[in-house]
Protein chains: 2
Amino acid sequence: MNPVIKKMMEHRSIRKFKEDEVTKQQIETIIQAAQMAPSSSFMQSYSIIGITDPAIKKELGKITESEYVEKNGHFFIFCADLYRLTVLASAEDKKEMEEMLESTLFYQISVQDTSLAAQNALLAAESMGLGGVIIGGIVKELPKLDKILQLPPYVIPLFGLAIGVPDQQPEIKPRLPMTSVYFENAYKTDSLHQLIEEYDQRMNEYYQTRTENNRIGTWSSKNIEMFKMKTPVEFFSQYVKEKNMNKN
Amino acid sequence: MNPVIKKMMEHRSIRKFKEDEVTKQQIETIIQAAQMAPSSSFMQSYSIIGITDPAIKKELGKITESEYVEKNGHFFIFCADLYRLTVLASAEDKKEMEEMLESTLFYQISVQDTSLAAQNALLAAESMGLGGVIIGGIVKELPKLDKILQLPPYVIPLFGLAIGVPDQQPEIKPRLPMTSVYFENAYKTDSLHQLIEEYDQRMNEYYQTRTENNRIGTWSSKNIEMFKMKTPVEFFSQYVKEKNMNKN
């Protein structure tokens, strides 16, 4: 196993960090690594905001109800960004660009670009001996976050990435069986039920025996319960549309 | 520079491959690496379809008008997948899950999960001495592709990934200046105009002097022209909604 794949196979999310700071040099290397990810039509349609202001970090910790969002070596917010592409466009150009900028297609593409860059950022951090976790919970209060980060139109926050020196070493989570994720030539639903049942048993054992936060439950039951929660979701699509994205 | 970051910094998209096959063992390692990427709430909301049927590869080459989609060591299609999460749900559960499954929020989350996994897959391939390119053009004929791949509801193809032994070594593309991508505490629009102007000059030089496919143009002009094209986009959002995603 080469060192790149070895590092990938060692991934676990780290949610508890030592007080050590992440250096400016490390942050720059992480951003450089993120920028080397491919992007659709070389649009590079993302921006990254590093949060160094303790007041903002505290606010984010409150929004996400997660201590590690406040307490970490460094906290990034990854944003989908179609705004930068328009900066040198004339007013007339901008008018003509609107239909595509506001489309679901380009919303999706910018989410993809941002996520490709984020995975490089996380793995780069891990390769330096740091740990990290991606946190989606920042979207719970999007309009507030939008204001704090002073985001122009066509820029929306997708998720945070907390990194730092690990102060925990959780077990690696067993992944879905490969045959339920990877198919040849066509999606196969036939064997999925049995494969997931077996995986659920394995995950139930994992959840019960892991060192921290152990509990009873399966992968399916956990997800089914989450999707049954009547969490408001309309606010989310409304916010995205107000930022002129995902409209047509 | 450690070996992981070194590999990231060497990334360029490869669009021409030698005839060497990618081994079954290599494909399995790439999928394993992809599966180690983090996913939101550990949903693992993606599926990967490897195309080995020459007739399908030919068809995909036609759809994308790209020879390298047909001729490569292996071709993957990465799909956002919220279907697998419902396999063990009762009919009643499924009914209750619908609102969240059909939301823009979970559409976005599954696009993120898929892309995080894809970046690991690409980098894993590169770490083995292979090259690759992500190709979004497969979405040009989504309903046809959906049928070929036999995708259930809540599963949509996002992009392809062609890999193989490189038969070209293009120059590495200069990225946007870090100060136009990375901000502290808030997005800064003030300096963007100048930074992008400088980058456009740099990219114009790059486009004119690179070994293959050289031409005149800047990063901004290329993007502005693309967004001004009245390519149909409505079909795209309609397809996504027909798959019961991004509806509310």
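**Rings and a covered helix**

Modeller: A:Phe236 counts as buried, because its relative accessibility is 1%, where buried means under 20% relative accessible area, exposed over 50% and partly exposed in between, taken with a 1.4 Å probe on protein chains only. A:Phe235, by contrast, has a relative accessible area of 28%, so this residue is partly exposed.

The model is predicted, so local features need pLDDT of at least 70 and side-chain atom pairs count only at pLDDT 80 or more, while totals for chains, interfaces and linings use all residues. Residues are numbered from 1 along each chain as its sequence is written, chains are lettered from A and ligands numbered from 1 in the order in which they are written, and side-chain values use heavy atoms, leaving out hydrogens and water.

Over all chains, a search of the whole structure finds 19 aromatic pairs, meaning rings of Phe, Tyr or Trp (its six-membered ring) with centres within 6.5 Å, called stacked when their planes are under 30 degrees apart, edge-to-face when over 60 and tilted for the rest. One of them joins A:Phe183 and A:Tyr187, which form a tilted pair because their ring centres are 4.6 Å apart and their planes stand at 35 degrees. Both A:Phe183 and A:Tyr187 are buried. The rings of A:Phe235 and A:Phe236 have centres 6.4 Å apart and planes at 80 degrees, so this pair is edge-to-face. Elsewhere, ring pairs link A:Phe76, A:Phe78 and A:Phe159 with B:Tyr182 into a cluster.

Charges also sit over rings, which requires NZ of Lys or CZ of Arg within 6 Å of the ring centre and within 35 degrees of the ring normal. The charged end of B:Lys173 is placed over the ring of A:Phe42, 4.4 Å from its centre, and B:Arg215 lies over the face of B:Tyr207, at 4.1 Å from the ring centre.

The buried residues are B:Trp219, B:Ser220, B:Asn223, B:Ile224, B:Met226, B:Phe227 and B:Lys228. Their cover includes helix 5 and helix 6 (104–127) of chain A, together with helix 8 (192–209) of chain B. In helix 5 of chain A, the residues A:Asp93, A:Glu96, A:Met97, A:Met100 and A:Leu101 meet B:Ile224, B:Met226, B:Phe227 and B:Lys228 of helix 9, contact being heavy atoms within 4.5 Å.

Terms used: Helix = DSSP H or I, 4+ residues; strand = E, 2+ residues; numbered from the N terminus.
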